[in-house]
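Visitor: I am new to this structure. Please show it to me and take my questions.

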Amino acid sequence: MSANFAAFVVDDDKEMRNSLTHLLSKAGWDVNAFKDADTALRKLDGLHPDVVLSDVRMPGTSGLDLLDELKGPDHPPLILISAHGDIPMAVQAIQNGAYSFMEKPFDPMRLLTAMRHAAEAHQLAERARRMRADLLSLSGLDRVLLGHDQRIAALRDQV
């Protein structure tokens with residue numbers, strides 16, 4: 001089972017989208033499924049997925065275009081899937097920042113493992129980012145007296 005992970009599934013093929021949603025839901029994931037990348041991008045900030053799983057070839061914005069949009073530390077990792085994948089495409093996707101690339105048909109357990117690893121890495125990076133921000137916001141005294149215990153708070157107030 002996953003530990004409170006959330007995923008976006010982006011695939012224009014309704015049967016594949018439903019199959020992936022079913023697989024992830026059965027594994028304990030919170031899943032939001034979208035038939036196109038543009039809709040998924042619009043929902044990204046409000047829903048904050050841990051991982052985005054996307055088909056490569058879709059009308060309009062492709063999975064590779066989605067990868068370009070999701071670059072940067074504030075975005076969730078992207079796992080690409082494709083029935084039309086080739087080695088150069090997979091290598092290019094990974095070099096451009098995709099977390100993983102899988103060819104259809106894929107082993108469901110392998111997909112779930114990759115999704116879990118991507119989600120864990122994303123959550124860990126988010127926690128580290130929040131901790132860095134918290135440390136930067138601390139005053140000099142707060143950097144010496146760390147903690148939220150009542151005694152530490154009282155000592156901080158007294159000083």
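Here are some questions about the sheet and the loops.

Guide: This is a predicted model, where local features need pLDDT of at least 70, side-chain atom pairs count only at pLDDT 80 or more, and totals for chains, interfaces and linings use all residues. Residues are numbered from 1 along each chain as its sequence is written, and side-chain values use heavy atoms, with hydrogens and water left out.

Visitor: Which strands stand at the edges of the sheet?
Guide: Strands are DSSP runs (E, at least two residues), and helices are runs of H or I with at least four, numbered from the N terminus. Two strands pair if DSSP finds at least two bridges between them. The open sheet has five strands with parallel pairing, in the order S2-S1-S3-S4-S5. Each edge strand has a single partner, so one side is left without a neighbour in the sheet: these are S2 and S5.

Visitor: What is the bridge partner of Val9 in S2?
Guide: S1 (residues 6–10) and S2 (residues 30–34) pair in the parallel sense over five bridges. The partner of Val9 in S2 is Ala33.

Visitor: Which residue of S5 does Leu80 stand opposite?
Guide: Strand S4 (residues 78–82) runs parallel to S5, joined by four bridges. Opposite Leu80 stands Phe101.

Visitor: Is His48 buried or exposed?
Guide: His48 lies in the loop between helix H2 (37–47) and strand S3 (51–55). Its phi is positive, about 50°, although His48 is not a glycine. Buried means under 20% relative accessible area, exposed over 50%, and partly exposed in between (1.4 Å probe, protein chains only). At a relative accessible area of 56%, His48 is exposed.
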